[in-house]
Amino acid sequence: MSKPIVATTSLAGCFGCHMSILDIDERILDLIHLVEFDKSPIDDIKKFSRKCDIGLIEGGCCNSENVHVLKDFRENCKILVSVGECAIMGGLPAMRNGIPIRECLEEAYLNGPTVKENNKLKIIPNDPELPILLDKVYPCHEVVKIDYHLPGCPPRADLIWEALVALVTGNELKMPYEVIKYD
Amino acid sequence: MNQIIRFTIDGTECMAAKGQYLVDAARENGIFIPTLCNYPGIKPKGSCRVCTVKVNGRLMTACTTPVAESMVIENLCPEIENLRKQIIELFFVEGNHFCPACEKSGQCELQALAYRYKIMAPRYPFAFPQREVDASNPKLIKDQNRCILCKRCIRGIHDEKGRTIFAYKRRSNRVEIGIDPKLGKELSDETAQKAMDICPVGALLVREKGFDIPIGERKYDKTPIGHDIEHHKIPTP
Amino acid sequence: MKTFTLKVLEKYSRDKTRLMDILIDIQSEFGFISRESIAQIAHELQMSEVDVEQTISFYHFFSMKPTGRYSIYLNNSAVANMMGRKEVAQALEKETGIKFGEVTADGLIGLYETSCIGMNDQEPAAIINNQIFTKLTPFRAKEIVRDIKEGKKVSQMFSASYGDGANRDDSVKSVVTNNIRKIGPILDPDYKVGGAIKKIITLSPEDVIHEIKNSNIRGRGGAGFPTGLKWEFCRNAPGARKYIFCNADEGEPGTFKDRVILTELPRLLFEGMVVAGYAVGAQEGILYIRYEYKYLQEYLEKILQAAREKNYLGKDIMGKKGFNFDIRIQFGAGAYVCGEESALIESAEGKRGEPRDRPPFPVEKGYLDMPTVVNNVETLCAVVKVILHGGEWYRSFGTAESTGTKLLSVSGDCRFPGVYEVAWGFSVNDILDMVGASEKNVQAVQVGGPSGSLIGPEEFSRILGYEDLATGGSLIIFDKTRDIISDVVLNFTEFFIEESCGSCSTCRILPSILKQKVEKILDARGVMQDIKDMEEWGKTLKASRCGLGQTAANPILTSIKNFRHLYEEKIQRSKDFDSGFDLSKAVQEACVATGRVPNI
């Protein structure tokens with residue numbers, strides 16, 4: 001029987017959740033026996049080469065590209081898992097959610113202390129190539145259907161490991177108290 | 001001499017002094033009923049609804065209901081546990097609870113309840129309301145994003161004349177906590193600390209304080225909220 | 001401002017439990033309550049400023065910003081919308097040049113929305129400086145704004161036709177009409193004041209309570225608690241003083257029968273309060289009226305004064321030694337939740353109208369922590385008739401479980417909206433016939449207001465009564481042209497959101513979430529799961545502290561139960577999931593901010 005195929009991505013996240021995946025230490029050797037990776041920064045496969053069994057999503061959706069990637073994952077993965085606070089509730093990027101976009105952009109490109117003196121032409125980037133910001137940062141499950149959520153900032157490596165094992169083996173997920181944390 | 005009465009919680013025989021609030025009576029019998037707006041020594045208000053139990057089949061808040069002879073209380077039935085989970089989730093979507101950036105993370109009662117109930121993600125859509133951080137007070141920072149409107153600060157903190165220093169503003173889903181412009185400025189360090197301690201979440205913070213306990217050693221890092229009650233059975237008289 | 005405020009404070013003896021009255025007087029005088037006034041009140045009453053502000057900011061008719069020398073509060077109830085409110089609102093905005101929630105630059109006119117003002121049988125209606133304007137049209141709106149700009153007083157702005165009945169009284173002079181369509185023993189105009197008082201003073205209080213119990217009358221506000229029992233509890237509760245409250249805060253959208261009683265039969269009501277006072281041993285009665293009925297204040301005060309002069313009120317009433325009882329009027333300031341008895345008591349104590357936790361019940365610990373009876377206007381009127389004619393006579397009306405008659409407030413799509421006094425036990429069909437609503441045109445009837453249930457034709461044979469369809473008396477009829485979900489359910493849900501006191505979690509948070517679901521379905525993005533979610537989540541509101549919260553999902557729950565097909569028609573049958581996320585909408589703001597074409 002072929003191994004289950006896993007894909008991962010980081011949307012509006014910091015890659016901390018991916019770091020936490022790597023943080024399973026030597027169990028990564030077991031993981032390679034258990035699953036194969038497709039589209040993922042871990043193996044640097046940029047596009048889906050086949051349908052996958054499990055998609056791990058880090059980060060929420062802050063721009064149009066995030067939405068396209070997330071939808072692509074939904075189409076190509078049987079099971080989608082939101083990994084980490086940003087995917088689940090927007091996380092720190094969502095702290096901008098109460099602020100109008102114009103204000104965010106002006107702070108980032110015109111008025112912020114690091115740009116004030118440097119952006120002499122007062123340019124706010126608007127190249128058509130750039131993804132367009134969304135009105136707010138959306139949790140993944142408010143864009144597509146998400147099957148499971150693994151909270152944490154980042155989720156503890158043990159939680160990610162146990163969850164992957166449970167998904168792959170079909171066994172019940174072991175969740176001791178210490179592994180579910182939101183920070 | 002207090003009259004001792006008998007009642008049951010989920011079929012377990014319990015005893016308590018007549019007139020005691022249910023949540024306290026349960027605690028003395030080694031049974032944890034989760035609460036958020038309740039605080040020892042402050043008159044209960046029943047505003048968070050988390051301690052809802054079934055008393056003789058009716059939904060009642062355990063923090064405001066005095067225990068009575070032969071009461072039949074349901075605390076852990078699926079209906080009640082699901083209800084509590086829903087209420088906890090409601091708090092998370094109502095405000096802006098960015099746990100990773102919160103000074104109270106690991107010490108927060110709302111978060112601790114969510115851990116206890118193993119909430120992986122709320123079922124409701126996030127409101128992402130626009131809320132303000134008020135840093136105008138010399139001693140305290142009030143972050144409305146995190147406030148769960150439990151009224152513990154309103155009920156628990158007064159000046160020496162008995163005047164309230166904290167109060168609600170507005171109504172409906174626009175309610176927020178206000179700090180008195182005059183009395184707030186005269187807060188002592190001690191009262192400011194008391195306000196921070198009384199706040200179940202990270203909405204009231206003493207200036208320049210926070211993140212002072214390392215991750216792993218905070219109150220709810222290793223053991224769930226209520227653990228002390230469930231593992232410290234006080235012998236009933 | 002300072003001297004006025006001081007005068008007001010003195011008028012109420014610097015009593016902080018009279019904060020509502022103090023604030024009402026200041027708001028009425030200046031059109032708002034300034035920071036300086038708040039500081040002054042706080043200082044004089046030994047309160048903190050935030051404490052004063054928490055009361056002010058709770059009530060709809062208090063404001064900390066000027067509301068205009070003419071403040072127009074246009075009702076936004078479902079029936080107002082059905083009767084052409086939208087056009088009136090547009091006309092007002094056009095003529096004043098401002099949007100709702102704003103005040104004109106010259107401070108002349110403020111435009112505000114407000115929840116049902118008890119005029120559902122004569123909508124669209126508005127309150128302008130405490131006076132009621134009914135049956136508005138865009139033309140009338142234009143006239144009103146013109147009159148205001150010309151500097152006319154509100155009292156000069158009424159059209160020539162004054163309302164009917166006691167609305168024409170010199171101290172009322174309002175355009176409100178009473179629309180009494182059916183008279184029974186309560187509304188019987190052949191009533192002579194004082195008969196019941198004369199009778200009770202020959203009886204012991206226990207005998208009075210016994211007679212009330214014998215009548216089996218239950219509370220007419222909607223909850224239906226047996227009145228005699230309530231009185232008995234209060235009588236037997238220990239307390240240095242006891243209080244009788246009349247709950248005239250009828251805020252349930254679609255109900256207005258108390259307004260009609262207050263206008264036509266205030267003497268009957270006051271006599272009922274005296275009877276209750278005698279029965280429970282209270283010396284003070286408080287008539288708590290919603291602010292919307294402020295136009296009746298002078299009239300009611302006049303009648304109270306006359307009653308005092310006749311010794312129906314005051315000391316040693318009708319010569320009965322030691323029988324002292326007087327009544328004062330307490331106005332609310334715009335909060336539906338104050339119709340809940342413990343919230344009403346909180347409000348009367350000068351606080352936010354937040355319901356109390358029970359136990360203790362008001363009969364044990366109510367106003368100022370003393371045993372208190374809170375009865376509905378109609379209940380107190382009925383007890384007078386019970387005393388006059390006996391409990392057995394009263395039981396001859398209605399059904400075994402629901403004795404007596406009920407005043408119905410009928411509005412919506414029917415030929416004769418108004419007040420009907422009928423014996424309990426009529427079916428909804430009977431009522432529809434009575435009010436001139438053709439059964440074949442009626443799509444739905446809202447029984448008991450938004451907190452009651454929305455029923456369809458298959459349930460029109462159900463009868464009104466505590467054993468079947470209990471109701472505080474509001475019946476709103478919707479014909480087949482109405483969109484139940486958008487015209488009714490959404491409006492009622494918005495009402496509950498606005499009127500939540502905000503203190504308990506479920507009622508503060510959930511209704512807004514449920515509203516989003518309704519909007520998603522109206523937006524054609526709904527799926528079956530959304531209906532299931534609403535049903536499941538709506539149940540959670542049952543854990544709320546008071547009746548408002550517990551019933552806040554009723555418009556949604558009862559419409560799903562009885563009109564499920566309307567929801568199912570609007571959802572996407574081909575999908576089982578839709579987050580409702582719309583990328584093109586989500587990028588709009590950024591495109592505008594950066595001047596980009598949305599190339600998504």
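This is a predicted model: local features need pLDDT of at least 70, side-chain atom pairs count only at pLDDT 80 or more; totals for chains, interfaces and linings use all residues.
**View 1. Chain A as a whole.**
Chain A holds 6 helices and 7 strands. Read from the N terminus, its elements follow the order β-α-α-β-β-β-α-β-α-α-β-β-α. Along the principal axes, the C-alpha atoms of chain A fill a box of roughly 60 × 35 × 30 Å. Of the 183 residues in chain A, 43% are buried.

**View 2. Where chain A meets chain C.**
Here 17 residues of chain A are in contact with 16 residues of chain C. Three elements of chain A give two or more residues to this side: helix 3 (64-76), helix 5 (101-111) and strand 6 (133-138). Which element of chain A gives the largest share of the side that touches chain C? Strand 6 of chain A does, with 4 residues. By residue class, the side of chain A that touches chain C has 11 nonpolar, 2 polar and 4 charged residues.

**View 3. Where chain B meets chain C.**
In this view, 37 residues of chain B are in contact with 33 residues of chain C. On the chain B side, at least two residues each come from strand 4 (58-61), helix 2 (78-94), strand 8 (166-169) and strand 9 (176-179). Helix 2 of chain B supplies the largest share, 6 residues. The side of chain B that touches chain C divides into 17 nonpolar, 10 polar and 10 charged residues.

**View 4. The open sheet of 5 strands in chain B.**
The strand order is 2-1-5-3-4, and the pairing is mixed. Strand 2 and strand 4 of chain B are the edge strands, each pairing on one side only. From one strand to the next, the twist averages 40°.

Strand 1 (residues 4-9) and strand 2 (residues 12-17) of chain B pair in the antiparallel sense over 6 bridges. Thr8(B) stands opposite Glu13(B) of strand 2. The hairpin of these two strands has 2 residues between them, and Asp10(B) takes a positive phi near 50°. With strand 5 (residues 72-74) of chain B, strand 1 of chain B pairs in the parallel sense over 2 bridges. There, Ile9(B) has Ile73(B) as its bridge partner. Strand 3 (residues 52-55) of chain B pairs with strand 4 of chain B in the antiparallel sense, over 4 bridges. Thr52(B) has its bridge partner, Thr61(B), in strand 4 of chain B.

**View 5. Helix 2 of chain B on the sheet.**
Which strands of chain B does helix 2 of chain B lie across? They are strand 3 and strand 5 of chain B. Helix 2 of chain B runs at about 155° to strand 3 of chain B. Helix 2 of chain B also gives 6 residues to the side of chain B that touches chain C.

**View 6. The open sheet of 3 strands in chain B.**
The order is 6-7-10, with antiparallel pairing. Strand 6 (133-134) and strand 10 (204-206) of chain B form the edges, and each pairs on one side only. Strand 7 (residues 140-143) of chain B is joined to strand 10 of chain B by 3 bridges. Leu140(B) has Val206(B) of strand 10 as its bridge partner. Helix 5 (residues 189-198) of chain B lies across strand 7 and strand 10 of chain B. Helix 5 of chain B runs at about 140° to strand 10 of chain B.

**View 7. Domains of chain C.**
The domain assignment of chain C gives domain 1 (2-56), domain 2 (70-160), domain 3 (182-395), domain 4 (405-482) and domain 5 (485-570). How far apart do the C-alpha centres of domain 1 and domain 4 of chain C lie? They lie 43 Å apart.

**View 8. A helix pair in chain C.**
The axes of helix 18 (residues 484-499) and helix 22 (residues 554-562) of chain C come within 8 Å and cross at roughly 150°. Helix 18 of chain C is therefore roughly antiparallel to helix 22 of chain C. Helix 18 of chain C makes the contact through Ile484(C), Ile485(C), Val488(C), Val489(C), Phe492(C) and Thr493(C). Helix 22 of chain C contributes Pro555(C), Ile556(C) and Ser559(C). The residues of this contact divide into 7 nonpolar, 2 polar and no charged.

Key: Residues are numbered from 1 along each chain as its sequence is written. Chains are lettered from A and ligands numbered from 1 in the order in which they are written. Two residues are in contact if their C-beta atoms, placed from the backbone, lie within 7 Å. Ala, Val, Leu, Ile, Met, Phe, Trp, Tyr, Cys and Pro count as nonpolar, Asp, Glu, Lys and Arg as charged, and the others, Gly among them, as polar. Domain bounds come from an automatic or database domain assignment. A residue is buried if 20 or more other C-beta atoms lie within 10 Å of its own, exposed if 12 or fewer, and partly exposed in between; C-beta atoms are placed from the backbone. Two strands pair if DSSP finds at least two bridges between them. Axes are lines fitted to C-alpha atoms, for helices over the stretch in contact, and angles run from 0 to 180 degrees between N-to-C directions. Angles under 35 degrees count as roughly parallel, over 145 as roughly antiparallel, 65 to 115 as roughly perpendicular and the rest as oblique.
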